[in-house]
Amino acid sequence: MKKFDVIVVGAGTAGCMTAKTAAKAGLEVGLIDRKSREEIGEKICGNAIGRHHFDTLGLKHPSGNELQSRIAGVKIYSPDMETVFQIESEELYGFIVNRLLFGQRLLRLAVDAGATLLDSTQMTEPILKDNAVIGVSARDIKTETKTQLQSKVVVDASGFFAVLRKKLPPEIGVDTEVSYEDVEACYREIRQLKGHVTSPDFCEIYLDQDTAPGGYHWIFPEGETKTNVGVGVRMTKIFPKPKNQLYSKVLSKPLFKDSTVITGGAWYVPTRRPLDCMVGNGIVMVGDSACQVSPIHGGGMGPSMMGGMFAGEVIVEALQKGDVTREGLWQYNVRYMQSYGVKQAGLDIFRLFLLQGVSDEEINYGMKYHLITEEDILKTSMGENVRLNITDAARRALKGLGKLSILRRLKNTAKLMREIKALYKNYPNSPNDFEEWKKKTHKLITTANKLLARKK
Ligand SMILES: Cc1cc2nc3c(=O)[nH]c(=O)nc-3n(C[C@H](O)[C@H](O)[C@H](O)COP(=O)(O)OP(=O)(O)OC[C@H]3O[C@@H](n4cnc5c(N)ncnc54)[C@H](O)[C@@H]3O)c2cc1C
C-alpha cells in the first residue's frame, strides 16, 4: 500500500492549491485525478476571475495564451433590457482565462512544490478506521488495476460531486448532501463569432428569469471574436434544461448569427454558504465539495483556491502537532469562515431575497429608479451589507405599483445579512460550541426563507 502524509482527491483549482501548500511545507502529498495529466484544468466554466484573488494568493497574473481577455467590470441588464448597470472598478478588474492552461499552471505549481501526481486514477472509496479516514481506494483507469493509498489526512477536492464527502458515515460530522435548491444547473458554450464581441472589456449578466429561472445568463468575451455564453438555472423540483434555454432564448441574439461552437457542455455549481463544517477525523473538504462558491455570481475559482491554501496550511500545522482529528483540523473551518465564509453567508441571504422576494417586474423598477445603485451592487457582491437608496421618486413609483412591500423585504434582507455575518465572524473556535452555532445559523436561514418570500 502506497503511503503519503496527505492525499488530495481532485486536481482542480482547490486540489492543486492544497497540494502545493502542503508539499511546499515538506509534506509527502499524493494528488490524484481521474483525468489524464494533459486534461487536468479543463472545466465547464465562465472562466472569469478577479485580479484580487491572484494578489491575495501570491499568484502571478495570467499572461500569454492563458489570458483570453482583461475585464474592467460587469454590465448587468434588467429583465426588460431597459436599464443597464455598467459597474467598473478596481475590485472588479479581472481576467478571462484559458481554463486548461490556467489549470495546467496550478498543477505545475503543485508538482514543482513536490506533490506526486497520480493521474488517470479514480478514487472509488474512502478507507475508514475507528471513525477516521485513513486513505482511499482507487483504480488506475488505463490499466484497470485497483490500489489502496494510505495517508494521515485525505482531502476531498473532487468538485461538485464530492465523491468522498458523499461516502462518509454520519459519525464523521460533515453534511454529506447539499439541497438541489442550492445548486445551479448550467450549460455553457465557447463560440466563434462571425463578427466581434460587443463588450470586449465587460462580463455581461442578464437577469431575465424567463430565460434563467433562479439564475442568470451570461455573455463573457474570450478575446475579440469568441464568447463564453451560458445559462444557469436553479434546480427546483421542475426546471427547464439550460441547454434548451440557451438555444431557444439566447443564441437568437444577432451577435450569434452564423457563430459556431468551439466547445460546450453542462455542469453544476453549488451557490450557498459553505458547508457548516468542512473537517472530520482525517478528512478535509475544499472547493465545490465544500460549497466554496459565491452564492450570487457562482464564482468559485478564487474561493476554492483560498480554501485550498487554508487547508494546506492547517494540515501542516495539524501534522506538526500530531493531531489530525476533527479538533486538530478545526482551524481550517475557522480561517475560511472568518474570511470568505462571512461574505458567502451574507450573499446567501441576498440570494434568498433575489430568488424568493423579487419578480422580474420589481427588478426592472428597482434598477430603473435606482433603488439599489451600481455602487451598492458592487459593494454587496464584494460581501458588504445591502444599502438602500430610497428616494421619494422611488417610493412614489413603488407605492403607485402597490409594491411597497419590497422595501420591507429589502430592510429585512439587510438586517439578516448583518446577523448571519456576525455569526460567521464568531464561528466557534473548537468543535465544542459547534452544535449551538449550527442551531442558530439554521434558525436564521429558516427565518430568512419566511421573511424574504414575496406574498403570492
Ligand atoms: C457553468 C459554470 C460557470 C462557472 N463560471 C465561473 C466563473 O466564471 N468564475 C469562477 O471563478 N467560477 C466559475 N464557476 C465555478 C468554478 O468552476 C468552480 O467553483 C471551481 O472550478 C471549483 O474548483 P474545484 O477544484 O473545487 O473543482 P473542479 O474544478 O471541479 O475539480 C475537481 C477535480 O476532481 C476530479 N475528480 C472528480 N471525481 C474524482 C474521482 N472520483 N477520483 C479522482 N478525481 C476526481 C475531477 O477530474 C476534477 O479535476 C463556474 C461553474 C460552472 C459549472
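**Notebook: ligand shell, domains, sheets and a helix pair**

I began with the ligand and sorted the residues of the shell around it by class: 18 are nonpolar, 17 polar and six charged. In this sorting Ala, Val, Leu, Ile, Met, Phe, Trp, Tyr, Cys and Pro count as nonpolar, Asp, Glu, Lys and Arg as charged, and the others, Gly among them, as polar.

I note that the model is predicted: local features need pLDDT of at least 70 and side-chain atom pairs count only at pLDDT 80 or more, while totals for chains, interfaces and linings use all residues. Residues are numbered from 1 along each chain as its sequence is written.

**Entry 1: the ligand**

I looked up which residues come nearest to the ligand; of the 41 around it, these are Gly12, Gly46, Gly159, Gly287 and Gly300. A residue is near a molecule if its C-beta atom, placed from the backbone, lies within 6 Å of it. Two or more residues of the shell come from each of helix 1 (13-24), strand 3 (48-50), strand 9 (121-129), strand 12 (183-192), strand 16 (260-270) and helix 5 (301-321). Helices (H or I, at least four residues) and strands (E, at least two) are DSSP runs, numbered from the N terminus.

**Entry 2: the domains**

I find the protein chain divided into domain 1 (2-47 + 99-178 + 272-329), domain 2 (68-96 + 180-270) and domain 3 (343-451); the bounds come from an automatic or database domain assignment. Domain 1 and domain 2 both give residues to the shell around the ligand, so the ligand lies between them. The centres of domain 1 and domain 2, taken over C-alpha atoms, are separated by 29 Å. I also looked up their contact: 11 residues of domain 1 meet 18 residues of domain 2, where contact requires C-beta atoms, placed from the backbone, within 7 Å. The side of domain 1 that touches domain 2 has five nonpolar, four polar and two charged residues.

I traced an open sheet of seven strands in the order 6-5-13-14-15-12-16, with mixed pairing. Two strands pair if DSSP finds at least two bridges between them. Strand 6 (84-88) and strand 16 stand at the edges with a single partner strand each, so one side of each has no neighbour in the sheet. Neighbouring strands of this sheet are turned against each other by 15 degrees on average, direction ignored.

Strand 5 (residues 73-77) runs antiparallel to strand 6, joined by five bridges; lysine 75 stands opposite glutamine 86 in strand 6. Helix 9 (residues 374-381) lies across both strand 5 and strand 6, at about 60 degrees to strand 6.

**Entry 3: strand 11 and its partners**

I followed strand 11 (residues 146-156), which runs parallel to strand 1 (residues 2-9) over seven bridges. Phenylalanine 4 stands opposite serine 151 in strand 11. With strand 10 (residues 132-140), strand 11 pairs in the antiparallel sense over five bridges, and valine 136 has leucine 149 as its bridge partner. The hairpin of strand 10 and strand 11 has five residues between the strands, and in it glutamate 144 takes a positive phi near 65 degrees. Strand 18 (residues 283-285) is parallel to strand 11, with three bridges; valine 155 stands opposite valine 284 there.

**Entry 4: helices 11 and 12**

I looked up the axes of helix 11 (residues 405-425) and helix 12 (residues 434-451), which come within 11 Å and cross at roughly 170 degrees. Axes are lines fitted to C-alpha atoms, for helices over the stretch in contact, and angles run from 0 to 180 degrees between N-to-C directions. Helix 11 and helix 12 are therefore roughly antiparallel, a term for angles over 145 degrees.

Technical notes: Angles under 35 degrees count as roughly parallel, over 145 as roughly antiparallel, 65 to 115 as roughly perpendicular and the rest as oblique. Two residues are in contact if their C-beta atoms, placed from the backbone, lie within 7 Å.
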